[in-house]
Amino acid sequence: MRIRIVDAFTDRPFAGNPAGVVLLDSFPDDAWLQNVALEVNHAETAFAHRLPEAGEADWALRWFTPATEVAMCGHATLATAHVLHSTGTHRGPVRFATLSGVLVATPQEDGSITLDFPTAPLTPVDVPDGVAEALGAEPLAACDTGPQVGDLVVELADEKTVLGLTPDHKGLSRHSRRGIIATARAEDASRGYDFVSRCFFPNVGIDEDPVTGSAHTALAPYWSERLGRPDLTGLQASRRSGLVRTGLRGDRTLLTGRAVTVIEGELLA
């Protein structure tokens, strides 16, 4: 079987967030899937197989980090849709059956792909004791993102503060189910983005995720309310970095980005 490494939420190799993508005839046992994800050793590896026609979805899709299966992953969904479309395996919108329900990926004329994901429900909360110390910066506000995303969003003073974070990852692991999303308004919107973020997920084996689609289902409503616009662009300012265009549509959030296949090989195990 073929295995591919795809950089998602970027238009060039060696940027964005890399994901493994494996297309199967059916899902083998979970231990094999987890071992492949550990071998690939990227933030997520996506496994997909075609479903019978006339159902509610076209492909079944699962995501594994090197440590565990996750309920939602934006960049590996984008990577899988990119593989299906770039290889001619599927044409037009593709419906994925996932642990987060049916998720649709639609190719655009400019070569990008738009994902239709559930909007994360945001609940303002007090900043938990110890978060400021673990981050190394004092949050202005905090929100819980609900059970599907499982993160704590914290707004920081400015873009410079977000970019300069050197957090204590073990300390952060005590304060959310998956991790911490640190964010701030963009210093200069003329640079092509409206807000910045960095995502730290020590509880699923990822100290810092390069570009996180699922986090933007929380960042979209957070910043749309503050900036007064439903359509925004976020820069996830990791070392690799990437752009995510967001469109808030009530209880759904559209996530648009590009992807590039950088490695294709044969999986022998």
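**Entry 1: helix 7**

I listed the buried residues of helix 7 in this predicted model, and they are His216, Thr217, Ala218, Leu219, Ala220, Pro221, Tyr222, Trp223 and Ser224. Helix 7 spans residues 216-227, and with 9 of its 12 residues buried I recorded the helix as mostly covered. I then looked at what follows helix 7 and found glycine 228, with a positive phi near 75 degrees.

**Entry 2: the whole protein**

I noted 7 helices and 18 strands in the secondary structure of the protein. The radius of gyration is 18 Å, close to the 18 Å that the globule rule gives for 269 residues, so I described the protein as being as compact as a globular protein of that length. Along the principal axes, the C-alpha atoms fill a box of roughly 50 × 35 × 30 Å.

I looked up burial next: 56% of the 269 residues count as buried. For the charges, I recorded 23 positive and 35 negative ones, with mean positions 4 Å apart.

**Entry 3: the nonpolar cores**

Which residues touch the most other members of the largest nonpolar core? I found Trp63, Leu78, Val94, Phe96, Ala105 and Leu115, in a core of 47 residues. Helix 2 (residues 74-86) gives the most to this core, with 6 residues. I also noted a second, separate core of 20 residues, which includes Val131, Leu156, Ala184 and Leu235.

Leaving aside neighbours within four places in sequence, valine 94 is in contact with Asp58, Trp59, Ala81, Leu84, His85, Leu103, Val104 and Ala105.

**Entry 4: two residues with positive phi**

I kept in mind that most residues other than glycine have a negative phi. Phenylalanine 9 has a positive phi, near 60 degrees, although this residue is not glycine. I located phenylalanine 9 in the loop between strand 1 (2-8) and strand 2 (17-24).

Serine 241, also not a glycine, has a positive phi near 60 degrees. I placed serine 241 in the loop between strand 15 (231-236) and strand 16 (242-249).

Are these residues buried or exposed? Phenylalanine 9 has a relative accessible area of 2%, and the cut-off for buried is under 20%, so phenylalanine 9 is buried. Serine 241 has a relative accessible area of 22%, which lies between that cut-off and the 50% above which a residue is exposed, so serine 241 is partly exposed.

I found arginine 177 in the loop between helix 6 (169-172) and strand 12 (179-185). Not counting residues up to four places away in sequence, arginine 177 touches Asp144, Gly146, Pro147, Gly150 and Asn203. I also looked up the C-alpha separation of arginine 177 and proline 230: these residues are 53 apart along the chain, and the distance is 28 Å.

Where does aspartate 129 lie? I found aspartate 129 in the loop between strand 9 (123-125) and helix 3 (131-135). Its relative accessibility is 74%, and exposed means over 50%, so aspartate 129 counts as exposed. The C-alpha atoms of aspartate 129 and leucine 172 are separated by 11 Å, with the two residues 43 apart along the chain.

Methods: Residues numbered from 1 in each chain as written. Predicted model: local features only at pLDDT ≥ 70, side-chain atom pairs only at ≥ 80, totals over all residues. Heavy atoms only, no water. Helix = DSSP H or I, 4+ residues; strand = E, 2+ residues; numbered from the N terminus. Rg over C-alpha atoms; globule rule 2.2 N^0.38 Å. Buried < 20%, exposed > 50% of the residue type's maximum accessible area, 1.4 Å probe, protein only. Lys, Arg positive; Asp, Glu negative; His and termini not counted. Charge placed at Lys NZ, Arg CZ, Asp CG, Glu CD. Core = buried A, V, L, I, M, F, W, Y, C linked by side-chain atoms within 4.5 Å. Contact = heavy atoms within 4.5 Å.
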